[in-house]
Structure formats: structure tokens, C-alpha cells
Amino acid sequence: MRFRRSLKYLFFIGFIGVLSLLYGFTSTRNGVKKIVEVRVSFQENKGNFLTHAMVNKLLIQNNKTVINQPKSVIDLYSLEKKVSENPYVEKAAVFLTIGGVLKSKIKQRVPVARIMGGKTSYYIDKQGVKVPLSENYSARVLLVSGVESTADIQLVLPLISAILEDDFLQKEVVGILKSDVDAFQFSVRSGDYKVDFGSLERLKTKFSMLKAFYNTTFKNKTIQDYKRITLKYHNQVVCTK
């Protein structure tokens, strides 16, 4: 009985040893295998800032391309960090396949507005992260002026989101001006008049009132009679001809 137990124990130890040797052999063989290809894929969204060639330039290790480098020397964390730090990238994943292909999956930042400053101009995404302008892509987004600080950006984000969530407002409102400490004015597509929105208090109520006003004036074709539409007064739409 003891002999059988000992035999089973020895067999188990031997089996583990063989597996370890096979694993070590496989790991060594896999480690010396070289990178044969780099594949870049973009998650489907409206961002088109980056090209495959631009991402390939980021996937550089030891000042040279990863192609033909052994898999064992590839620092995936470093490469992924480098790609993720690009201002146009919201999220990135870099990994290796068994066949020696280095894959990079990219989610680009989607701009929701363009901040127009005196000397600087840049996009922001839905989180308010600054995205530089690009020579490859010009996004058709809301133009926002009068915003000078990170606090201003965070203040205007709910307004931008409310506009983009409404199909009519998204098409109608083309520009936002921060005209005072907490007051905003819109430029619109349907005419040369301005919309004085006032503060961001009662946001949904003001937009409902504005859309109701539009519904009436578009039908009777009187919208062009006005030079200014004011919503900053409580539950009132005040118009100036």
C-alpha cells in the first residue's frame, strides 16, 4: 500500500516536472519569436484625428519599430502608456497575439465643442478634456467663446450636453457666448438674431419655452422680425424687434 502511494506521489511529481519543462520550453520559444506585423484598429466613433500611420509612429521601442523585435523584449505597458498619453486618445489597449502580431485598439476622443479664445483655440470632449486642433480633421461642433478657465469649461458643459441631446437644438444652436459671470448667449442657424439665455438655472424649462416660441414663430413666419430673444426672465420669453 505504501509502495503504491509512493509510486503515485513520484508519478505526480514527475508529471509536474514534465509540464514545467514543456511550459519553460514553450515560453522560451514564444519569447524569441519576433513581431511580424502591427495592426491598429479604431473604435467606431466620430473622432478622426488619428491615422494608422500616426499610431504606428507611437508604437516605437528603443528608438526603432517593433517589427522583427523578439516578443520577450516588448514592453506592452510602456507602449500602451505612450499611446494613451496622446491627446486624441481616450482609451487604448496594446497586446500581442501568439502569432507575433502587435495589436492596438484605439478609442479616440470625440469633440463636442470648440473653445475660441483670443490667442488659443481647442476642442473639448464630453468630460471637458482639452483636445488640440488637428491638421487631419476639422470637427463640426459648437463654437464657444468667453470661456477662459477650467472652471468656465465645467460650467458650460451641462449646457452643451443639453443642446446635443436635443435633435432640434443641436441643429439650431451654432455658437455659445459666455457674456457675463453666469450668463450665456446663443448664435443660431435660423437667423441673425441672438438668444439671451441668461444663467443656467431652470435649464430644461428655458429650452422648453424656447422651442415652444420657435414652434409658433416658424409657423407664422415671424421669427425674422426679431433681433433678440430673451429667456433670462422668470417664465417669460421677451423679444426685441
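This is a predicted model: local features need pLDDT of at least 70, side-chain atom pairs count only at pLDDT 80 or more; totals for chains, interfaces and linings use all residues.
1. Two strands are said to pair if DSSP finds at least two bridges between them. By that rule strand S1 and strand S5 (residues 101-108) are paired in the parallel sense, over 6 bridges.

2. Confidence comes next. The average pLDDT of the protein chain is 83, and 85% of the residues score at least 70. Residues 17-31 are a stretch to treat with care: pLDDT stays under 50 there. For that stretch the model has 5 contacts beyond four places in sequence.

3. The pair from the opening point belongs to an open sheet of 3 strands, in the order S1-S5-S4, with mixed pairing. Strand S1 (37-42) and strand S4 (89-96) are the edge strands; each has a single partner strand, so one side of each has no neighbour in the sheet. On average, neighbouring strands here are turned by 15 degrees against each other, direction ignored. Helix H3 (residues 76-84) lies across S4 and S5 and runs at about 160 degrees to S4.

4. There is also an open sheet of 9 strands, ordered S8-S7-S6-S9-S10-S11-S12-S13-S14, and its pairing is mixed. Its edges are strand S8 (130-132) and strand S14 (238-240); each of these has a single partner strand, so one side of each is left without a neighbour in the sheet. From one strand to the next, the twist averages 25 degrees. Helix H4 packs on this sheet and touches strand S6 (111-116), strand S7 (121-125), S8, S9, S10, S11 and S12. The direction of H4 makes about 155 degrees with that of S10.

5. As background, strands of a sheet pair through backbone hydrogen bonds, either parallel or antiparallel. Strand S9 (residues 142-145) and strand S10 (residues 173-178) run parallel and are joined by 3 bridges; within this pair, Val 144 has Ile 176 of S10 as its bridge partner. S10 and strand S11 (residues 184-188), by contrast, run antiparallel and are joined by 5 bridges. In that pair, Gly 175 is bridged to Ser 187 of S11. S10 and S11 form a hairpin, with 5 residues between them.

6. Leaving out residues up to four places away in sequence, Lys 178 touches Ser 145, Gly 146, Val 147, Asp 152, Leu 155, Ala 183 and Phe 184.

7. H4 has 15 residues and reaches 21 Å from its first C-alpha to its last, close to the 21 Å expected at 1.5 Å a residue. Several H4 residues are buried, among them Asp 152, Ile 153, Val 156, Leu 157 and Ile 160. Asp 152 is also one of the residues touched by Lys 178.

8. Helix H6 (203-219) lies across S11, S12, S13 and S14, and runs at about 155 degrees to S12. Most residues other than glycine have a negative phi, and most peptide bonds are trans. Which values of phi do Arg 202 and Lys 221 have? Arg 202 has a phi near 55 degrees, a positive value in a residue other than glycine. Lys 221 is not a glycine either, and its phi is positive, at about 60 degrees.

9. The surroundings of these two residues can be set side by side. Arg 202 sits in the loop between strand S12 (194-198) and H6. Its relative accessibility is 29%, so Arg 202 counts as partly exposed. Lys 221 lies in the loop between H6 and strand S13 (228-230). With a relative accessibility of 71%, Lys 221 counts as exposed.

How values were computed: Residues are numbered from 1 along each chain as its sequence is written. Side-chain values use heavy atoms; hydrogens and water are left out. Helices (H or I, at least four residues) and strands (E, at least two) are DSSP runs, numbered from the N terminus. The expected span of a helix is 1.5 Å times one less than its number of residues. Buried means under 20% relative accessible area, exposed over 50%, partly exposed in between (1.4 Å probe, protein chains only). pLDDT is the predictor's confidence in each residue, from 0 to 100. Contact means heavy atoms within 4.5 Å. Axes are lines fitted to C-alpha atoms, for helices over the stretch in contact, and angles run from 0 to 180 degrees between N-to-C directions.
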